[in-house]
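Morning, everyone. I'll take the overall fold first, then a few charged pairs. Here is the chain.

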Amino acid sequence: MTAIMDENNRPSSYLDEPANSRLFLVTSKSITEEVIRENFTPFGEIQDIWVVKDKHTKESKGVAFVKFSKSSQACTAMEEMHGRCLAEGTKPIKVFIAQSRSSGSHRDVEDEELTRIFVMIPKSFSEEDLKDTFKVHGDIEYAIVIRNKTTGDSKGLGYVRFHKPSQAAKAIEDCDKTFRAILAEPRTKNAPADNDYFSNPRLEHSGNEPGSSSYAFAHEPSSYAPGDTWSSDIITRCLMVSSRAAVTQEQIYGLFDLIPGMDFCEMQIDQYGFSKGQLVVRYNNLGSAVYAKEKLNGFEYPPGNRLSVNYIDDGEDRTSPVGKMAMQLVASQMMSMVWNGPSGAQLMKTSAGYTAPPIAPKSRVQTDAALPPLKKLVSTDSVVKERLFVIFNPSPLPVDVLEDVFCRFGSLMEVYLVPGRNVGYIKYADRNSAQDAIALLHGKVINGVKMKVMLADPPKEESHKRQRTY
């Protein structure tokens, strides 16, 4: 069929209604629309297929779009068809949820953000009630009821994480509309367009009233205003962390939780559900807050993004002379420990009864993966036996850190980052070393950056040679 085109020469299905219902395919150039239709029709009603062709030669460019009537159909097709061969003698296809105008990248079957939904629930619901209600739609990894941090009472909101994107999509489509289920995607206002992880989520979903925001109820507006920071002579247990780049609550939590005593970390959200680029971190003692402020203010995280950390009011009354003296004593001792380096981080008793946490020197590589010992790089003149393709989320790690990580499997030749992209290549002189790196590092988080590690397509010259040998 001939696709209906819009003013930008794209199919009308580019509008993506409903969201996440359109697939992006990377195929062999010989694959036709008829072959795609035959293979994808079993998954549901196909509204449109668009094979992208060269304007001059009219030959296929090896990419195509498939628009389904439902998101669950598209997700199921992605899960089942990714890595399959559509015709004899052709390479396996790659299948993604296509990029929409409100997101920054195509999304694959391993995208965790496609598996978690956000719902409105009765305040009487427990986690078990939430699981029992939604387990009919698929296997549930976890269910969380959002509660008031002070009282422990339910806020009438919750998250459900499924094992597969298709299960989350079916839950959104088929659950009772009173739950107002939507994908629980990160919400950022100024996320860069080329940032895979921090893409802007959709604002609408089928159950919304006209003009309303589907995410406005997801977070309560913060009681902290941007001007609530304090001068450096006022020290509290509460910190405001500001970031120009998009960051998640989980990333900042993981960073500040390295310092013992953190009570909570909370993203600051505006009335429309957008991130303000600020998070509130609260510790249960002054010493930890002082240490965090001095160590992490100006810290680059993710790489290239400097965090700003300032004190804000924590509700404590420090007007009494005794309170001021205690605060100043804690601050002076902690500041001394900070500036004397990690070797000075010894246990200290203060008049406030606080024991300063011993902080070990931080390794340049922070990860929960059990990395092998360091090994020497081999000469760049060695024969390349295998190349790996790495996708970084949210941004690439420095080359020296990547060398530190990937050299541990032996035979590492070179690390190359593609300028302006969140991807890179790793060259090995031994195939076994490359396979070991994939097995251990794929999906792991290194220094707050998630990596997808896979075999790279062979260079064109090499692939032509292989074809000739066949």
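Start with contacts, meaning heavy atoms within 4.5 Å. Among those between residues at least 6 apart in sequence, 65% join residues at least 24 apart.

A word on the source. This is a predicted model, where local features need pLDDT of at least 70, side-chain atom pairs count only at pLDDT 80 or more, and totals for chains, interfaces and linings use all residues. Residues are numbered from 1 along each chain as its sequence is written, and side-chain values use heavy atoms, with hydrogens and water left out.

The chain has 10 helices and 17 strands. Those are DSSP runs, numbered from the N terminus: helices are H or I, at least four residues, and strands are E, at least two. Of the 470 residues, 45% count as buried. Buried is under 20% relative accessible area, exposed is over 50%, and partly exposed is in between, with a 1.4 Å probe and protein chains only.

Now the salt bridges. The rule: a side-chain nitrogen of Lys or Arg within 4 Å of a carboxyl oxygen of Asp or Glu. The count is eight.

Take Arg-408 and Asp-404. Their N-to-O distance is 2.7 Å. Arg-408 is buried at 14% relative accessibility, and Asp-404 is buried at 12%.

Next, Lys-135 pairs with Asp-132 at 3.6 Å. Lys-135 is exposed, at 53%. Asp-132 is partly exposed, at 41%.

Last, Glu-414 bridges to Lys-427, also with N and O 3.6 Å apart. Glu-414 sits in strand 14 and Lys-427 in strand 15, so this pair ties together parts 13 residues apart in sequence.
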